[in-house]
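Hi,

Here is the structure I promised to send over.

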Amino acid sequence: MSSKTAQKKAVARKDMSRAQWTWKEMKRNWVAYVMVAPFMLIFSCFTVLPVLLSIVISFTDFNLLQMPNIVGLDNYIRLFLDDDIFITAAKNTFIFAAIVGPASYFMSLMVAWFINELSPKIRAVVTLIFYAPSIAGQAYLVWATLFSSDAYGWANAWLMKLGVITKEIAWFETKEYVMPLCIVVALWTSLGTSFLSFIAGLQGIDKAQYEAGAVDGIKNRWQELWYVTLPNMKPQLMFGAVMSITGSFGFGGIVTALCGFPSVDYAAHTIVHHLEDYGGQRFEIGYSSTIAVVLFVIMIGANALVKKVLSKVGS
Amino acid sequence: MAKLRTRKHKVVLARSRGGDAGITFVLVILGAFMFIPMYYVVIQSLKPLDELWMFPPRFYVSNPTGKNFKDLFSLMSGSLVPFSRYIFNTVFTSVAGTFGNLFFSSLAAYAMAKIKFPGGKGMFKLVRTSLMFHQTVTAVCCFILMSAFQMIDTYWAIIVPAWATSLGLYLMKQFMESSVTDAVLESSRLDGASELRTFWVIAMPMVKPAWLTLIIYSFQDLWNKGASVYIHSEQLKSLNYAIQQITAGGIKRAGASAAATVVMMMVPILVFVISQSNIIETMGSSGMKD
């Protein structure tokens with residue numbers, strides 16, 4: 001019966017213009033619009049609209065108090081040519097994202113792959129050990145204890161005991177150490193959603209694929225990983241990449257909690273911090289929107305790049 | 001085929017001993033890196049004062065004590081706003097936000113996954129793209145919009161945005177697509193059930209793992225919310241914020257602070273332990289095709 005109606009529709013569609021047909025389909029499926037309406041309304045208000053609004057505001061000098069004036073590209077020119085701290089922030093963000101993004105991605109993938117062959121019970125325990133730091137709220141503050149500036153911090157205590165240093169190091173207030181430490185802490189909290197997605201992806205691969213691979217002459221586990229496993233979990237790899245990129249570019253809260261704001265000599269100042277500085281404290285909304293727009297563009301660019309790289313997997 | 005051997009009810013091949021050893025070694029190193037700080041959090045919370053300030057610090061505790069937890073609760077009872085108010089705020093916003101999210105996301109996910117209508121694919125693409133947008137990036141303009149809606153300094157400022165999260169809809173839609181078969185829905189429709197009824201009676205019970213996943217993601221997010229730019233009144237602030245205020249008291253409060261971290265982190269971790277297998281099942285369909 002359903003095939004009959006489909007046939008009827010197909011005939012009917014020819015006689016209508018595209019717009020007419022779309023309108024008819026919309027009327028026929030009105031329930032679907034009712035169902036997506038609440039979600040899409042809230043989603044538009046708090047996710048889509050802010051993005052569009054930032055783009056518009058980035059061309060103005062809006063500051064919450066006065067009527068905004070259109071200033072054209074002034075904000076962008078100021079950002080790139082006249083704001084040394086932004087250049088520092090951009091540099092830090094890139095270093096940060098270039099290390100933490102790929103490192104957390106490969107760590108998630110490797111660990112998920114390593115534990116894939118364990119028995120389900122052990123796998124559940126290992127998963128918990130690796131996943132827990134990412135959901136443990138403020139637990140990352142323990143790094144401030146381990147690397148505290150007095151002799152009761154673990155790092156200082158042992159370095160002093162072993163005679164490597166004679167005076168305590170203020171880890172989170174020293175320019176040279178701030179960035180590497182933040183990267184370590186970021187990695188510690190980074191086995192999140194993508195990690196779970198990889199575990200599930202590995203579990204979902206059809207076992208027959210491995211047998212077929214073996215027959216086709218795959219020699220070791222590395223070949224198996226490259227030619228069978230990874231191509232079979234490409235959708236998860238893509239999803240994981242998006243989550244890792246968002247995480248590594250948007251990383252800022254932990255840095256503020258550990259190093260204060262602004263961090264010493266802006267050594268761990270990222271684009272997100274710069275954005276918060278102008279948006280949340282100086283109320284230069286126009287300028288902070290410019291920063292937000294630049295960050296969007298960078299993230300979208302990074303995603304496009306990763307998509308290209310991932311299309312090479314297994315070939 | 002001689003090379004094949006069966007291990008753990010799965011066909012694998014040519015696993016060299018060296019490779020196994022290497023993998024185990026790397027796994028142990030990484031595991032230690034992940035586990036030791038977490039372990040240290042717990043150990044710190046059990047240390048009496050003299051052990052907290054011991055040189056060099058120890059990774060074990062000789063006289064474990066519950067005093068830090070007691071201190072935490074006595075500090076709590078001394079706060080300006082009754083502490084139960086902070087607990088209520090966080091529990092209320094977490095629960096209201098989470099259930100709204102579950103309901104609205106599933107409703108929209110069902111329509112996008114199982115009904116073909118003009119614009120449906122486009123809407124989903126938009127949601128998928130928005131996975132890239134980090135919250136802090138949209139925060140400033142969100143603030144402007146919320147003041148326009150007069151939501152600043154009310155519970156709504158926390159709850160309503162949580163009702164429509166990109167990740168929630170994304171995971172729910174992917175899971176519905178892969179685990180709810182069209183044949184079942186079609187037979188329900190032929191029986192004369194409305195689309196809403198089909199969604200509620202047939203589809204929803206089939207995606208329970210995805211409910212749990214969504215609940216957990218949403219709950220974790222709301223539970224861990226600290227100070228928010230949208231809330232000024234002390235009476236509306238979150239538990240996490242209140243605890244941060246308590247623990248910011250320096251050396252004297254180091255023990256209570258460690259206890260607070262443990263209390264706060266236990267909730268999301270326990271929730272994850274209970275629901276792990278369901279989350280992994282949901283993640284099986286999380287992949288991005290094309």
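Below is what I found, going from the whole chains down to a single residue.

First, a caveat: this is a predicted model, so please read everything here as computed from it.

Let's start with how chains A and B meet. Chain A puts 90 residues into the contact, and chain B puts in 80. On the chain A side, the largest share comes from helix α3 (residues 30-57), which supplies 18 residues. If you sort that side of chain A by class, you get 59 nonpolar, 23 polar and eight charged residues.

Next, one helix pair across the two chains. In general, two packed helices are described by the angle between their axes and the distance between the axes.

If you want to find the spot on screen, look for I129(A), F130(A), A132(A) and P133(A) on α6(A). On α1(B), they meet G31(B), M34(B), F35(B) and M38(B). The residues of this contact split into seven nonpolar, one polar and no charged.

Is V142(A) buried or exposed? It has 25 other C-beta atoms within 10 Å, and the cut-off for buried is 20 or more, so V142(A) is buried. Leaving out residues up to four places away in sequence, V142(A) touches P37(B), Y40(B) and V41(B). Within its own chain, V142(A) sits 43 residues along from V185(A), and their C-alpha atoms are separated by 9.8 Å.

Last, the domains of chain A. The domain assignment gives domain 1 as 1-57 and domain 2 as 80-310. Taken over C-alpha atoms, the centres of these two domains of chain A are 38 Å apart. How many residues do they bring into contact with each other? Domain 1 of chain A brings four residues and domain 2 of chain A brings six. On the domain 1 side, that makes three nonpolar, one polar and no charged residues.

Cheers

Technical notes: Residues are numbered from 1 along each chain as its sequence is written. Chains are lettered from A and ligands numbered from 1 in the order in which they are written. This is a predicted model: local features need pLDDT of at least 70, side-chain atom pairs count only at pLDDT 80 or more; totals for chains, interfaces and linings use all residues. Two residues are in contact if their C-beta atoms, placed from the backbone, lie within 7 Å. Helices (H or I, at least four residues) and strands (E, at least two) are DSSP runs, numbered from the N terminus. Ala, Val, Leu, Ile, Met, Phe, Trp, Tyr, Cys and Pro count as nonpolar, Asp, Glu, Lys and Arg as charged, and the others, Gly among them, as polar. A residue is buried if 20 or more other C-beta atoms lie within 10 Å of its own, exposed if 12 or fewer, and partly exposed in between; C-beta atoms are placed from the backbone. Domain bounds come from an automatic or database domain assignment.
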